[in-house]
Amino acid sequence: MKNKIGVYVCMCGSNISDYVDVEKVKAEAEKIDGVHVAKTTMFACAGSTQQEIEDDIKELKLDAIVIASCSPKLHLDTFRNVAQRAGLNPYNYVQVNIREQGSWAHSDNPPLATEKAINLVKGGIERVKHSKELIPIKIPSINAVAVVGAGISGMRAALELAEMGTTVHLIEREHFVGGRTSQWNVLFTTNETGQEVVTRLYHQINSHPKITLYTGTEIIGKKGSVGEFNLTLKIKPRFIKPDCKHDIKNLEKAIEVCPIEVDDDFNFNITKRKAIYKNYDSEFPEIPAIDCEACNKCGECVKICDDIDLNQKPEEVNISVGAIQLSTGFNPYEPAKGEFGYDEIDNVITLQQFKRLIELNGGELKYNNKEIKNIAYIYCVGSRQVDGPNKYCSRYCCTSAIHTSILVKEKYSEINNFHFNRGIRTYGKQEKLYHEASEAGDIFLQSFEEAPPQVERIGNETIVKINDILTNNEELEVSVDLVVLITGMVPREYEGIVNTLKVPVGRDKFFNEIHPKLRPVETVIDGVLISGACQAPLNITESVKSSLAAASKANSLVSSGEIELEPTMAIVHNDRCTWCDKCTEACPYNAIFKIKHDSKEVAEVSKSLCKGCGMCLPVCPENAIDLIGYTDIEMESMIEALIN
Amino acid sequence: MAKINPDFAKEIFKYGNDDFNACYNCGNCTAVCSLTDEHNSFPRKMVRASVLGLDEKITASLDPWLCYYCGDCATTCPREANPGELMMSLRRWLTAKYDWTGLSGLLQKSLLFSLFAFIITAIGVIYYSASQNFNVEIIMHHGHLFEMLSIASVFTFIILPNLFRMWYFVIIKPGIKVKFMTYLKEFQDLLIHMFTQKRTLGCDDSQTRWFMHLILVFGYLALLFTTVVLDWFGTENLFIILLGYIESVVIFIITFIFVAGRIQKNKEVNKFSQPSDWFFVIWLFLLGFTAFIVRVFIDLDLIENNIWMYLFHLIVLVQWAVIIVPFGKWTHFLYRSFAMYFDKIKQVV
């Protein structure tokens, strides 16, 4: 039992003290047994106050502290650090939230807000009395990282990790590397093509001894936890012999004779490709691959090229890594049938298709054999949806659309571009492009979300109409040859990974970080990091930034050979446990296992997997599980103080 | 339902401003404009209409004439889209639009055609003078007759029909119903604005610009009266002679300052000059200056032996009367005041 407790009641400027009588809270706290000192402070988080608390702990030899202020989500770590600096175990500290749960919630009734604050503080004091000194747990770790996804973000992260001395397993689901970046031609701001960037990264990766690249590979199994994940990889056959001499000419002939044609998803289905394919000439790895889903194994290609082996079977490989970095990227939003005429009017395509179209087109710009002069771009398709699920802004699309419109005008000077937008968001340096496009005569029309532009086919003409809010809401129309839907980003389909790794997914279906500002590349699964557009819509620069951040984080986690974990976790009292299995069902992290203890079957909690969420506690019929840091006695005495 | 026409912008480029496409509709220009009000919001609306190519809207609008070009909008435009010069370009375009002959547009868009017209008129005058054996008396007499004839015919066949067209575009075509009495009642507004240009004072930049312009207008009108009605070049009346001297001096000094300003580009309003602007100020200067010298020659009895001086004046005069007055910038004198008049009528209705 702690009996020299320091209590600090924060005013939060006036956020708390305007509604909660902090002096009264302090006075009530002082009366409680075990409280050695109670004070009010203007800002508990201010540097000078932190110092004052530190001094109190040292001089008054306090054995526990309670700070009544804001949510522990905001400052738990701040005050734990204060305790630590003063030589007090950080777990002998309890934060009581009298702002979000007190003053802000009850600003209409200050007396009752004060009463609630007093009770909350009393509860906090009772809880801290039973607190124990806890020491972080240390576990060994392997200095290796699995980077999932060999797009620009994954490739860049792999290089960075390897440079820092960490072994990298770079795992790509497709047969080729480069991801989305290889599908874009000229990039803003460097004017390099996506393919050039990918080529450069590939050569660096290929020559780095610490990186192993797996293409056509997915993670199908995971065991273990941070420090040592044991992953099972499934490698799809490429159907090309591994000792292939790269006789590209013969392989090209093999592509020619392949009788099977499927939609080419690299070109967003505006063209067809064969079952044996390569998306573009300089694609890596250099040799083609056979799409095992499309191939009917007719054997035509084998007749021409010895390097093809249709008998290859899928392989399974096991690897061990200390951490996993996910860079699985995004999919472009697929508009619904009829959304702005998509899939109904034949000259309505998506931005991604349009970008491929420009790159593949040689002389005149044609679509469906019709020359294109007037182009309408409709923005925010699949993003910022009022009624749909994608409430977010996809960030990259305004810039990408404008950049594309500039490129197309550079290539074909007679083009007229009409941008039907909901407010242009070319933030940062990208604003330059917006300026450039308008100077070049591109016309920007704007509408609100509730009155989007209309795409109609009247006779042979495709008409786009808008009530333009920049022209006094006047109804304007233009006849166009092509409608380009500026489709945003949605997460890739990655149920496999979500299920195998238990990565938390946000409401927007993108992977979720712990804290968007303070821990933006970590997930609640220790050792699983996220980076690039699998986390949120990001452009290439932003994706690479986040992937480098995640790479550094992964390296710092695994490179020392040891990982420190929070001591807050469940423990099983073996004497009471009867192994009923209820706790394993409740555990969201698969952290509970059955073991034999003194010839009795009992549950055991994996230290490295348990997150201390407490889900197993209430389901245990024998009350055999306790949560360190939140033990029954701590919680019960707190509740008692609250209700009395 | 209006159709967007991206080619219209390219047409306006030929009348001056080719930067307005850069506009991103922030509205700073309208916010800083000291002449815009709740009835007439400009210049952003006109910039927008130009970008979209809503030419019917511009044709029906008086806004370009209500702007007196202080240039504040241009200096504060974050996109350097130069709305002030666009308003000027639209005035040039409207001048062409109102002109039923189509010559105004041709002259403004093509410098080559303008030069051709100026040269042809000069050759015409010389050819005519040669046919009269360069007889000073006859030529000067005919010159005087030409002044009267040209005023009457230019007014009847060009200016009046064009004013009717302006009236049709801004009042009749948009379907504004105006009672006859309203036209009469508000007529005084037309005269006030025509002879005071007082709206210029609403511009923030300077009172001097207004004052100089006012003196120039009065000087010009007075010299016109003195030469045409009082026959300045023929009179013996000392008062009239002196009056003409003063008027011509006023004209060439003020226009000299204006030309110098355009060369130095000392103010926003002077930064962008189209051929039509240069022709207007330079010819007005030459008109005043040559008239002054001709009268000096007459008073010193030099004109008999120096017919070239009068011919020079006559060439300038003819070019002024048949090119600049009907088809050039001169018309802004009428269009501006009629715009104020029509605007008042629209507001009353």
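1. Domain layout. In chain A, the domain assignment gives domain 1 (5–129), domain 2 (144–236 + 314–329 + 494–562), domain 3 (248–304), domain 4 (332–490) and domain 5 (566–628). Note that this is a predicted model. The C-alpha centres of domain 1 of chain A and domain 5 of chain A are 33 Å apart.

2. Chain A overall. The chain carries 17 helices and 34 strands. Its C-alpha trace spans about 85 × 70 × 40 Å along the principal axes. Of its 644 residues, 46% count as buried. Among contacts in chain A with a separation of 6 or more, 71% come from residues 24 or more positions apart.

3. The parallel sheet. Four strands of chain A make an open sheet with parallel pairing, in the order β2-β1-β3-β4. The edges are β2 (35–41) and β4 (93–97) of chain A; each has a single partner strand, so one side of each has no neighbour in the sheet. From one strand to the next, the twist averages 15°. Strand β1 (residues 5–10) of chain A pairs with β2(A) over six bridges, in the parallel sense. Within that pair, A:G6 stands opposite A:V37 of β2(A).

4. Helices on the sheet. Helix α2 (residues 47–59) of chain A lies across β1, β2 and β3 (64–69) of chain A. Its angle to β1(A) is about 165°. Helix α5 (residues 110–129) of chain A lies across β1, β2, β3 and β4 of chain A. The angle between α5(A) and β3(A) is about 155°.

5. The contact between chains A and B. Chain A gives 14 residues and chain B gives 15 residues. On the chain A side, the elements that supply two or more residues are β22 (416–421), α12 (431–439) and β26 (474–480) of chain A. The largest share, five residues, is from β26(A). By class, the chain A side holds five nonpolar, five polar and four charged residues.

6. A:L476 stands opposite B:A2 in β1(B).

7. A helix in chain B. The buried residues of α14(B) are B:G244, B:E247, B:S248, B:I251, B:F252, B:I254, B:T255 and B:F258. Their cover includes α13 (207–228) and α16 (275–299) of chain B. Just after α14(B), B:K265 takes a positive phi of about 50°.

8. Cis peptides. Most residues other than glycine have a negative phi, and most peptide bonds are trans. Two bonds deserve a look on that score. A cis peptide bond joins A:F188 and A:T189, with omega about 10°. A:T189 sits in the loop between β7 (167–171) and α7 (194–206) of chain A. In chain B, the bond from B:F42 to B:P43 is cis, with omega near 5°. B:P43 is in the loop between α2 (28–32) and α3 (44–52) of chain B.

9. Positive phi in chain A loops. A:W579 is not a glycine, yet has a positive phi of about 45°. A:W579 lies in the loop between β31 (570–572) and α15 (582–586) of chain A. A:W579 counts as partly exposed, because 18 C-beta neighbours fall inside 10 Å. A:N623 also has a positive phi, near 55°. A:N623 is found in the loop between α16 (616–619) and β34 (625–627) of chain A. With 11 C-beta neighbours inside 10 Å, A:N623 counts as exposed.

10. A buried cysteine in a loop. A:C258 is found between α8 (248–257) and β11 (261–263) of chain A. Is A:C258 buried or exposed? A:C258 is buried, because 23 other C-beta atoms lie within 10 Å and the cut-off is 20 or more. Leaving out residues up to four places away in sequence, A:C258 touches A:K274, A:A275, A:I276, A:E300 and A:C301. A:L159 is 99 residues from A:C258 along the chain, and their C-alpha atoms are separated by 37 Å.

How values were computed
Residues are numbered from 1 along each chain as its sequence is written. Chains are lettered from A and ligands numbered from 1 in the order in which they are written. This is a predicted model: local features need pLDDT of at least 70, side-chain atom pairs count only at pLDDT 80 or more; totals for chains, interfaces and linings use all residues. A residue is buried if 20 or more other C-beta atoms lie within 10 Å of its own, exposed if 12 or fewer, and partly exposed in between; C-beta atoms are placed from the backbone. Two residues are in contact if their C-beta atoms, placed from the backbone, lie within 7 Å. Domain bounds come from an automatic or database domain assignment. Ala, Val, Leu, Ile, Met, Phe, Trp, Tyr, Cys and Pro count as nonpolar, Asp, Glu, Lys and Arg as charged, and the others, Gly among them, as polar. Two strands pair if DSSP finds at least two bridges between them. Axes are lines fitted to C-alpha atoms, for helices over the stretch in contact, and angles run from 0 to 180 degrees between N-to-C directions.
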